[in-house]
Amino acid sequence: MTSVGFVGLGAMGGRMAGRLLAAGNFVYGTNRTRSKADPLVKRGLVWRDSPRELAENAEVVFSMVSDDLALEAIAGGRDGILAGLRPGSVYVDMSTVSPAGSRELAGLVHEHGAVMLEAPVSGSAHAAGEGGLAIMVGGDAAAFARVEPLLRQLGQTVTHVGGSGTALTMKLAIDISLAAQVIAFSEGVLLAERDGIDPELAVEVLTSSAVASPMLRSRGSALLDRPDEAWLDIESMQKDVGRALGRARSLGVPLPSAALANELLAAARALGHGNQDILAVFDVLEQLAGPGTSVAA
């Protein structure tokens with residue numbers, strides 16, 4: 001049994017903490033909203049009032065939060081993770097944040113005698129609950145070897161990519177492709193629909209064709225029947241595309257498809273779709289196209 005701490009028990013983090021509990025680990029947890037932890041407490045999670053208290057007790061500390069600012073909030077200050085890290089412990093941040101911000105935090109963790117790994121994930125909240133995530137890891141190889149068994153309780157694939165920051169760059173590389181695929185798919189369905197082709201048939205043909213990725217095959221039909229819970233919401237997607245564009249600028253790499261995707265995602269947020277599934281980009285394209293036959297939302 002390993003003593004594990006998990007900071008951030010939202011849609012993704014809560015499911016991952018649940019898997020660590022189910023695998024027999026002793027799990028401490030904390031979250032900004034206590035009520036989100038209640039179902040896990042009933043299953044054996046031990047609540048701690050602050051990230052510092054959690055880090056003081058756990059051999060391995062995990063976190064999953066929304067962005068760089070949220071990561072700074074849980075890591076720094078008198079009650080943050082850094083204040084409680086024990087020498088020799090491992091801190092694994094699974095958030096999708098900027099590579100530069102993660103590297104900076106890794107340096108601070110090192111000053112406290114601990115080691116930090118970044119481990120961003122690709123996959124939905126449902127995949128998190130089923131252990132079906134793809135996990136990319138950046139940081140010290142020896143620390144990765146220590147926590148790899150825990151990560152394999154959370155993900156279907158676990159890949160050590162390289163040094164600090166590299167896994168986050170890899171995650172952003174995945175996300176710009178994902179955004180471009182969803183937008184191109186939505187464009188194709190709208191084009192077919194406006195030319196009189198049944199949209200269900202258009203989705204079937206596109207997801208059976210050579211252009212269909214595993215993601216489109218599994219998610220394409222949801223364009224016509226949107227999920228109540230977003231698989232990946234537009235606001236989060238735009239944040240990731242924006243991070244990719246920022247990293248690309250620093251490396252001198254052109255990302256024309258990502259830049260166009262960012263514009264459409266920004267328009268979707270401006271129109272009130274920020275919390276909706278990324279497939280809602282279809283609605284934006286439909287609005288831009290003007291009156292015509294509508295696909296059921």
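## Exercise 1: A patch on the surface

Find the nonpolar patch that I197, L201 and V205 form on the surface, and note its accessible area.

*Solution.* Keep in mind as you work that this is a predicted model.
Step 1: together, I197, L201 and V205 have about 250 Å² of accessible area.
Step 2: V205 sits in helix α10, which covers residues 199-207.

## Exercise 2: The chain as a whole

*Solution.* Step 1: count the elements. The protein chain has 14 helices and nine strands.
Step 3: look at the extent. Along the principal axes, the C-alpha atoms fill a box of roughly 65 × 45 × 35 Å.
Step 4: turn to burial and surface. Of the 297 residues, 49% count as buried. The chain exposes about 13400 Å², and carbon and sulfur atoms supply 54% of that area.
Step 5: check the contacts. Among contacts with a separation of 6 or more, 66% are between residues 24 or more positions apart.

## Exercise 3: Two aromatic pairs

A search of the whole structure finds two aromatic pairs. Decide how the rings of F6 and F62 are arranged.

*Solution.* Step 1: use the angle. Planes under 30 degrees apart count as stacked. The planes of F6 and F62 are at 10° and the ring centres are 5.7 Å apart, so this pair is stacked.
Step 1: locate the partners. F6 is in strand β1 (residues 3-7) and F62 in strand β4 (residues 60-63), so to speak 56 places along: the pair links distant parts of the chain, 56 residues apart.
Step 2: check burial. Both F6 and F62 are buried.
Step 3: turn to F26 and Y28. Their pair is edge-to-face, with 5.1 Å centre to centre and 65° between the planes.
Step 4: compare their surroundings. F26 is partly exposed, with a relative accessible area of 34%, whereas Y28 counts as buried at 10%.

## Exercise 4: A residue in a loop

Is V97 buried or exposed, and which residues does V97 touch?

*Solution.* Step 1: find the position. V97 is in the loop between β5 (90-93) and α6 (99-111).
Step 1: apply the cut-off. Buried means under 20% relative accessible area, and V97, at 0%, therefore counts as buried.
Step 2: list the neighbours. Leaving out residues up to four places away in sequence, V97 touches D67, D68, L71, S102, L168 and R243.

## Exercise 5: Salt bridges

There are 12 salt bridges in the whole structure. Find out which parts of the chain R243 and D68 tie together.

*Solution.* Side chains of opposite charge can pair when their charged atoms come close.
Step 1: check the distance. The closest N and O atoms of R243 and D68 are 3.7 Å apart, and the two residues form a salt bridge.
Step 2: R243 lies in helix α12 and D68 in helix α4 (residues 68-75), so the pair ties together parts that are 175 residues apart in sequence.
Step 3: R243 counts as buried at 13% relative accessibility, while D68 counts as partly exposed at 22%.
Step 4: widen the view. Salt bridges that share partners join D68, K171, D175, D240 and R243 into one network.

## Exercise 6: Packing of a helix

Which helices do the buried residues of α14 pack against?

*Solution.* Step 1: name the buried residues. In helix α14 (residues 281-289) they are V281, F282, D283, V284, L285 and E286.
Step 1: find the packing partners. These buried residues pack against α9 (166-194), α12 (234-251) and α13 (256-270).
Step 2: look at the salt bridge of D283. Its partner is R226, with the closest N and O atoms 3.0 Å apart.

Definitions and conventions: Residues are numbered from 1 along each chain as its sequence is written. This is a predicted model: local features need pLDDT of at least 70, side-chain atom pairs count only at pLDDT 80 or more; totals for chains, interfaces and linings use all residues. Side-chain values use heavy atoms; hydrogens and water are left out. Patches are made of residues with over 30% relative accessible area and no salt bridge: like charges are joined within 9 Å, nonpolar side chains (Val, Leu, Ile, Met, Phe, Trp, Tyr) within 5 Å. Accessible areas come from the Shrake-Rupley method with a 1.4 Å probe; for residues, only the protein chains shown count as cover. A salt bridge is a side-chain nitrogen of Lys or Arg within 4 Å of a carboxyl oxygen of Asp or Glu. Helices (H or I, at least four residues) and strands (E, at least two) are DSSP runs, numbered from the N terminus. Rings of Phe, Tyr and Trp (its six-membered ring) pair if their centres lie within 6.5 Å; planes under 30 degrees apart count as stacked, over 60 as edge-to-face and the rest as tilted. Buried means under 20% relative accessible area, exposed over 50%, partly exposed in between (1.4 Å probe, protein chains only). Contact means heavy atoms within 4.5 Å.
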